[in-house]
Amino acid sequence: MGLGGDMKPPNSSTSGRPDVCFGVFNASGNAQNSITSPWFSTAFGLIGLCSNLFALCVLLSSSRKLSSRARSSFLIFLSGLVVTDFMGLLVTASVIIPYHFIKFTWTEVDPGCHLCNFLGFSMVFFGQCPLLLGATMAGERFFGINHPFSRSTNISKHRAWSIVGLVWGFSCLLGLLPVLGLGRYTLQYPGSWCFLTLLPDTGNVIFCLLFALLGIFCVLLSFIFNTISVVTLCRVYHDRESVQRRRDSEVEMMVQLVGIMIIATICWMPLLIFIVQMVLQQLPASGHIQMLPMETQKMLLIYIRMVTWNQILDPWVYILFRRAVLHRIYPSLRPRPSILSLNPSLHRKLTAGSVLQ
């Protein structure tokens, strides 16, 4: 889903008003040149939609064959992530791609900024959800691996879907803040999309920092949880080298989770850091900046394009890093016993606990 296109200058009567979504970027003659081919944007969006749809079909097929509760809850979180990425591409592309072909004037089509607010909300909602779900999955695996005998780590399917719903609900509330008055969504360079406003007034500063710092926190939390989980798995297997066996399911989940984390970090951290940097740099000039510099507008566009790759690459992490695929690439890999079998004392403890119950 490429972000680009032509933009006619907004009406001078509306571009200076603080309560509308136009006039934040410079729609000069240079900005009116086409940034990318509409066919490229369409192909880019279709690849992302097909990738997520294929991954969702594979997930549904895999979930029917599972008996492990831990694996089942992980697949539910992963399904929530894939559904979010799919809907994010579908919703944003339904506005951005038609703009590439029609080249409509926003001030005429959307004088009340309703479409711009919807697109800005979609960008925030479908952007924050994958980061929150990634942190949720990392936390679930952290407690599942490091505290395998705690009842709280045994998440049922109903509870797992409830957690996904809470993530969606929280992201929805976050996306509605500008509509409710905290900050505002504005049209961004080159005029094909709307997003939060990087201007140094109080509402925009608070909302930008809230969005960016929450995203950075989710990425860092995922990194901490995943690092500890990987170290724990490696230590358990290393301590029992004589067995020379490991549980494919646990390793598979961690490989997929680490892949999702790496992609999110590469795609999202540049944008999140850029938002914090720009907001803090402009604070001394609060009230004096009415339009973003062209260089800032172009950099924001580049970082947003990087973010869209996250929605395309996420499903391929699951598609490519499944045991069925890995076994074909490395035939020597075979199904192996659980992590509990590597530590007999833990297995006896679990058995004794179940008898007492």
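This is a predicted model: local features need pLDDT of at least 70, side-chain atom pairs count only at pLDDT 80 or more; totals for chains, interfaces and linings use all residues.
Let's start with the whole protein. The secondary structure comes to 11 helices and two strands. If you read along the sequence, the pattern is α-α-α-α-α-α-β-β-α-α-α-α-α. The protein has 357 residues, and buried ones make up 50% of them.

Now to the helix pair. Two packed helices are described by the angle between their axes and the distance between the axes. Here I picked helix α2, residues 38-63, and helix α9, residues 294-320. Their axes come within 9 Å and cross at roughly 30 degrees. Angles under 35 degrees count as roughly parallel, so α2 is roughly parallel to α9. As for handedness, the crossing of α2 and α9 is left-handed.

Who makes the contact? On the α2 side we find Phe44, Ile47, Gly48, Ser51, Asn52, Phe54, Ala55, Val58, Leu59 and Ser62. From α9 come Thr308, Trp309, Gln311, Ile312, Pro315, Trp316, Tyr318 and Ile319. Sorted by type, the residues of this contact are 12 nonpolar and six polar, with no charged ones.

Let me stay with α2 for a moment. This helix has 26 residues and reaches 37 Å from its first C-alpha to its last, close to the 38 Å expected at 1.5 Å a residue. Its buried residues include Pro38, Ser41, Thr42, Gly45 and Leu49. Also buried in α2 are Phe44, Gly48, Ser51, Asn52, Ala55, Val58 and Leu59, and these residues are on the list of contacts with α9 too.

Finally, two single residues. Is Gly120 buried or exposed? Gly120 lies in helix α5, residues 114-146, and has a relative accessible area of 0%, so it counts as buried. Leaving aside neighbours within four places in sequence, Gly120 is in contact with Tyr185, Cys194 and Phe195. With Cys194, the C-alpha to C-alpha distance is 4.8 Å, although Gly120 and Cys194 are 74 residues apart in sequence.

Leu173 sits in helix α6, residues 157-180. At 56% relative accessibility, Leu173 counts as exposed, because the cut-off for exposed is over 50%. Between Leu173 and Phe121 there are 9.7 Å, C-alpha to C-alpha, and the two are 52 residues apart in sequence.

That's my tour, and I'm happy to take questions.

Definitions and conventions: Residues are numbered from 1 along each chain as its sequence is written. Side-chain values use heavy atoms; hydrogens and water are left out. Axes are lines fitted to C-alpha atoms, for helices over the stretch in contact, and angles run from 0 to 180 degrees between N-to-C directions. Helices (H or I, at least four residues) and strands (E, at least two) are DSSP runs, numbered from the N terminus. Angles under 35 degrees count as roughly parallel, over 145 as roughly antiparallel, 65 to 115 as roughly perpendicular and the rest as oblique. A crossing is left-handed if the near helix is turned anticlockwise from the far one by less than a right angle, and right-handed if clockwise. Contact means heavy atoms within 4.5 Å. Ala, Val, Leu, Ile, Met, Phe, Trp, Tyr, Cys and Pro count as nonpolar, Asp, Glu, Lys and Arg as charged, and the others, Gly among them, as polar. The expected span of a helix is 1.5 Å times one less than its number of residues. Buried means under 20% relative accessible area, exposed over 50%, partly exposed in between (1.4 Å probe, protein chains only).
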